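User: Hello! I would like to learn how to read a structure like this one. Could you walk me through it?

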Amino acid sequence: MESNTDSQTLVDRSLHTEYFSTAWMAFEFMVGFYSGLKAGSILLIAFGLDSFLEIISGSTLIWRLRKENTGAGPEAIERAEKRSSLIVGIVLLLLAIYVTAVSLFNLFTHATADTSYSGIAIGIASVLLMPILIIRKRSLGKALHSDALVEDGMCNITCAYMAATVLIGALLTALLNWWWADSVAALILVYFIASEGWESFQEGYKK
């Protein structure tokens, strides 16, 4: 049986992990979104916007951990989390529709994105960092018996796939100058965005 001190240590480690994760998502949003605007890349813009929504999800989990730590009622915590999941889910689904429309338009008009070295760099960094966060969050979540923290770690798997897609699309644009690479990679990204959005939407409506 865990002592209160051990439990407090686990909560503190979980909070520090979430603080770092949320701060990284903020950095990822700024670099991805700015790089996308500068290069005319719908792929990087979508990646940046998804990172912004991850900030909301991460902040909700931080709030939940802090509330649990101070003995807040589970019903109030669950209501707030569902509300947040519903909002994030709706925005993600709208983002998926937007990215699909712009990507198809770019394909039909042969629009080309410029090379973005900052986009390539953020893709590499995210691909390397996400597995570390996945392992740490799942380990801490299981130790704390926190499904929310384990699920947040699973969300980082999606982030890793998205980062890999961004990296491949940006490299194809930079190295081979394939005009369609950015839009096709963005359409692949839509699958992850829509899946994440639908899951959050369902969580928000779950009874």
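User: Is leucine 176 buried, partly exposed or exposed, and what is its relative accessible area?

Analyst: Good place to begin. This is a predicted model, where local features need pLDDT of at least 70, side-chain atom pairs count only at pLDDT 80 or more, and totals for chains, interfaces and linings use all residues. Residues are numbered from 1 along each chain as its sequence is written, and side-chain values use heavy atoms, with hydrogens and water left out. Buried means under 20% relative accessible area, exposed over 50%, and partly exposed in between (1.4 Å probe, protein chains only). Leucine 176 has a value of 45%, so it is partly exposed. Its place is in helix α5; helices here are DSSP runs (H or I, at least four residues), numbered from the N terminus.

User: Which residues form the nonpolar patch on the surface?

Analyst: A patch takes residues with over 30% relative accessible area and no salt bridge, and nonpolar side chains (Val, Leu, Ile, Met, Phe, Trp, Tyr) are joined within 5 Å. Here the members are Leu171, Leu175, Leu176, Trp178, Trp180, Val184 and Ile188, with about 620 Å² of accessible area together (Shrake-Rupley method, 1.4 Å probe). Two or more residues each come from α5 (147–176) and α6 (181–205), and α5 gives the largest share, three residues.

User: Where is asparagine 177, and what is its phi?

Analyst: Most residues other than glycine have a negative phi. Asparagine 177 has a positive phi of about 55° and lies in the loop between α5 and α6. With a relative accessible area of 57%, asparagine 177 is exposed. Histidine 110 also has a positive phi, near 60°, and sits in the loop between α3 (74–109) and α4 (117–144).

User: What does the side chain of glutamate 28 make a polar contact with?

Analyst: A polar contact is a pair of N or O atoms within 3.5 Å; within protein, one must be able to donate a hydrogen and the other to accept it, and residues adjacent in sequence count only if both atoms are side-chain atoms. Glutamate 28, in helix α1 (residues 4–39), pairs with the side chain of serine 126 at 2.4 Å. Glutamate 28 is buried yet has no salt bridge, a term for a side-chain nitrogen of Lys or Arg within 4 Å of a carboxyl oxygen of Asp or Glu. The nearest side chain of opposite charge, lysine 137, is 11 Å away.

User: How buried is serine 126, and what else does its side chain reach?

Analyst: Serine 126, in helix α4, is buried, with a relative accessible area of 0%. Its side chain reaches the backbone oxygen of isoleucine 122 at 3.0 Å.

Methods:
Lys, Arg positive; Asp, Glu negative; His and termini not counted. Patch = residues over 30% accessible without salt bridge, like charges linked within 9 Å, V, L, I, M, F, W, Y side chains within 5 Å.
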